[in-house]
Amino acid sequence: MADFTNGFWDIYIAALTLLGIIGCGILLYSQSKVKVVKTDAGKIDTTGHVWDEDLTELNTPMPRWWMWLFYITIVFALAYLFLYPGLGSYAGKLGWKSSGQYQTELAKADAEYGPLFAKYQKQDLKTVAADPQAHAIGERLFLTYCAQCHGSDARGNKGFPNLTDKDWLFGGAPETIQETILHGRVGAMPPMGAAVGGDKEVEAVAHYVLSLSDSTHDPIKSVFGKEKFGACMACHGADAKGNQTLGAPNLTDKIWLFGGSVETIKETINKGRTTTMPAFADFLGEAKVHVLAAYVWSLSNNPAEVAAPAAVPADPPVAAEK
Amino acid sequence: MNAPQEQVIKMYAAREEIYPREIAGRYARLRWLFVWLTQLAFYCTPWLQWNGRQALLFDLGTRKFYIFGLVLWPQDFIYLALLLIISAYLLFLATAIAGRVWCGFACPQTVYTEIFLWIERKIEGKRSARIALDRQPASLHKFGKKSAKHAAWLAVALWTGFTFVGYFTPIKSLMGEVVTLSFGPWEWFWVLFYAFATYGNAGWMREQVCKYMCPYARFQSSMFDRDTLIITYDSARGEPRAPLSKNGNGNHGSCIDCSLCVQVCPTGIDIRNGLQYECIGCASCIDACNTVMDKTGQARGLVRYSTERAMDEHLTPTEIRRRTTRTRVKIYSAVLGLIVLATCSALYLRKPLKLDVIRDRGSMGREVEDGMIENVYRLQIMNTSEQAHVYKISAGGLDTLSVADADTVRVAATETRGYPLRLRVAHGAGHTGSNKINISLTAVDDPSLHVQESAVFIVPR
Ligand code: SF4
Ligand code: SF4
């Protein structure tokens, strides 16, 4: 990159550009009039340009406004280079930058939609969820920022939870969902192979886990596995219904984050699992997350039934906020 | 030989003002007919209504073109292209047969110049009066006439600009904004820009647009051949020309050298020098010379529509007419006919329903209850008709392929709707990897409204 930081190339480019423009002007001026030797009687008006011995060019001048257009383009080019970046590293009088343009657009969007988001932010999450316009905004936000992991229908993928069922790892109250989006979550299942015992024990525990949700399993192995499940109770609880404070999943339903086959469960026990939901507070800001959380909550709840109009808090007076 | 003398030649020169003489005649009437036809169409069309909306509206904001009962979406751009191709071919065909008839009679530049010239004539008077006025030193009288002319020109130009914008913004609400002058920035720009272009081109630039700026004029000659009709001066009959006073010695042609044909020419050329690129084929010189011929008691047609071959080979008008159906013209007509046919049938078969299928990028395929494999798609359904419809979604191409939840979707009139679609197959259907499937939409109330798109279904390992 030294080529571009030592200043020489800047000057080289700027000089080339300016000389080119000025050269055009000089060429135009010098070519707008020509001196020729008058031929014979001077009757036939030619440009004096003779080639192939006797071919001459009739002088049919262009209208003068053409020439002025050329001069105007030269003036325009110089003015442009003075105002905008275009001459080497010279930034231009107006200080225009493409990043500045982006910032302007961003500010414009914020000015336009900011009040709308501010309005929703003052409303209770369930009320926001019942608002069709907020729902449409939430859907677009979801498609832009969340669909990569959870799918555009929000039904998740392997390792990324389905958001449309009532099963929640960290809790499904609207405020909890908002908390999850704002600050992210880390779900960690440590490798438990050694704690449970050997391969045989791990397989037995896997069958026991399957039996909890009445899935297809080997009854004999699962009885043996039940004894070994003690190591898992710390997180999943004695009843195996999970713990939303830790993000430990409920093992008694048929909803699986990584898959419900014996092989997958054995892998989960042996190697553990770590999942990360990134935090969006800094990136999206609280106001957008508010609308987004309401949308996600509405995917598994019917906001029209839940939102009671009486529950809408009155806007606090502006003075009281300060 | 004299001693060599130097002289300076200017490559750019000031334009010489042309004062076209007013002329009446068959072709002048024809031109005025075209002025009326084109301008009535231009000024009135945006005011027509259809189905409670503007009949012809190119709504760039919502990217929809309304043409009476037809609503074109950006995806229908091909029709616009076809329309332009048809127009171009019509132009080529007309040019091959009759030369620059478009330029002389229907081109907006000609039409507006004609209108502006009419205003000029009404205010400043006849050709001689206009020349005299321009030679006068500045005076209150001159200033008054000139400003009246420019004011009238500007009024026409502004109305033209306003009408032009009315094709892109509903003209009725635009009319309401005229009163308060509360156009939006783009409306302002285009009204003023188009008005300025009209005023500048028809008022100031005139023949210079045809001579120096018009791209069509540059390649028209490639459509000309020896049988193309052109405005010609019959020099065999006209020469040697002699003024009327010398009439009688019998040793001269029909041209009385009155130079009327030069005075009426809007591009300021002398047709007696033969076909020149500046000639826009307006036929004013024919009208002019015919009047002269009538007065001198000679046969009309010293200047007339004829062809290069007719001049050389002395063809009769019937022979000229017969030569209009030559191979070149036949090919142009055949191509034109084919394109028109294709466009009409494409428009007739066009369905006001479009479907885009986008496979969800976030997931390949997932296992759901009962070991079913599920893929997610996002349907982009465009109901381009002006009625709401309920569509039934179906999928095929793979054993046990079915739609996972609701398989009907309602799309409002002219709405584009995104719809998440889940498709499922039973475990073991298809092969690992991508399987070709198709997804179709059928309107419940009209089974002929049916589209099908191909997609892939991914069965994970
Ligand atoms: S030469 Fe005749 S036809 Fe051609 S532009 Fe002049 S008046 Fe019109
Ligand atoms: S108008 Fe006819 S008669 Fe008069 S100069 Fe032209 S060609 Fe000759």
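This is a predicted model: local features need pLDDT of at least 70, side-chain atom pairs count only at pLDDT 80 or more; totals for chains, interfaces and linings use all residues.
Residues are numbered from 1 along each chain as its sequence is written, chains are lettered from A and ligands numbered from 1 in the order in which they are written, and side-chain values use heavy atoms, without hydrogens and water.

**Exercise 1.** Determine which residues come nearest to ligand 1, and where ligand 1 sits.

*Solution.* Step one: a residue is near a molecule if one of its heavy atoms lies within 4 Å of it. Of the 13 residues around ligand 1, those that come nearest are Cys265(B), Cys279(B), Cys282(B), Ala283(B) and Cys285(B). Step two: the shell around ligand 1 holds 10 nonpolar residues, three polar and no charged; Cys and Ala count as nonpolar, Gly as polar, and Asp, Glu, Lys and Arg as charged. Step three: ligand 1 sits in the largest cavity. A cavity is a set of points, on a 1 Å grid over the protein atoms alone, where a 1.4 Å probe fits but cannot get out, and a molecule sits in it if more than half of its atoms lie within 2 Å of its grid points.

**Exercise 2.** Describe the shell of ligand 2 by class, and state which cavity ligand 2 takes.

*Solution.* Step one: the residues around ligand 2 include Tyr233(B), Asp257(B), Ser259(B), Arg272(B) and Met293(B). Step two: by class, this shell has eight nonpolar, one polar and two charged residues. Step three: ligand 2 takes the space of the second largest cavity.

**Exercise 3.** Give the strand order of the open sheet in chain B, and explain why S5 and S7 each have a side without a neighbour.

*Solution.* Step one: strands are DSSP runs (E, at least two residues), numbered from the N terminus, and two strands pair if DSSP finds at least two bridges between them. The three strands have the order S5-S6-S7, with antiparallel pairing. Step two: S5 (56–59) and S7 (70–72) of chain B stand at the edges with a single partner strand each, so one side of each lacks a neighbour in the sheet. Step three: S5(B) pairs with S6 (residues 64–67) of chain B over four bridges, and Leu57(B) stands opposite Tyr66(B).

**Exercise 4.** State how much helix the span 188–205 of chain B contains.

*Solution.* Step one: UniProt (unreviewed entry) lists this span among those for "transmembrane region"; such annotations may be inferred rather than shown by experiment. Step two: residues 188–205 of chain B are 100% helix (DSSP runs of H or I, at least four residues) and 0% strand.

Technical notes:
On a 1 Å grid over the protein atoms alone, a cavity is a set of points where a 1.4 Å probe fits but cannot get out, and a pocket is an open set with protein on both sides within 12 Å along at least five of seven lines; lining residues have an atom within 4 Å of a point.
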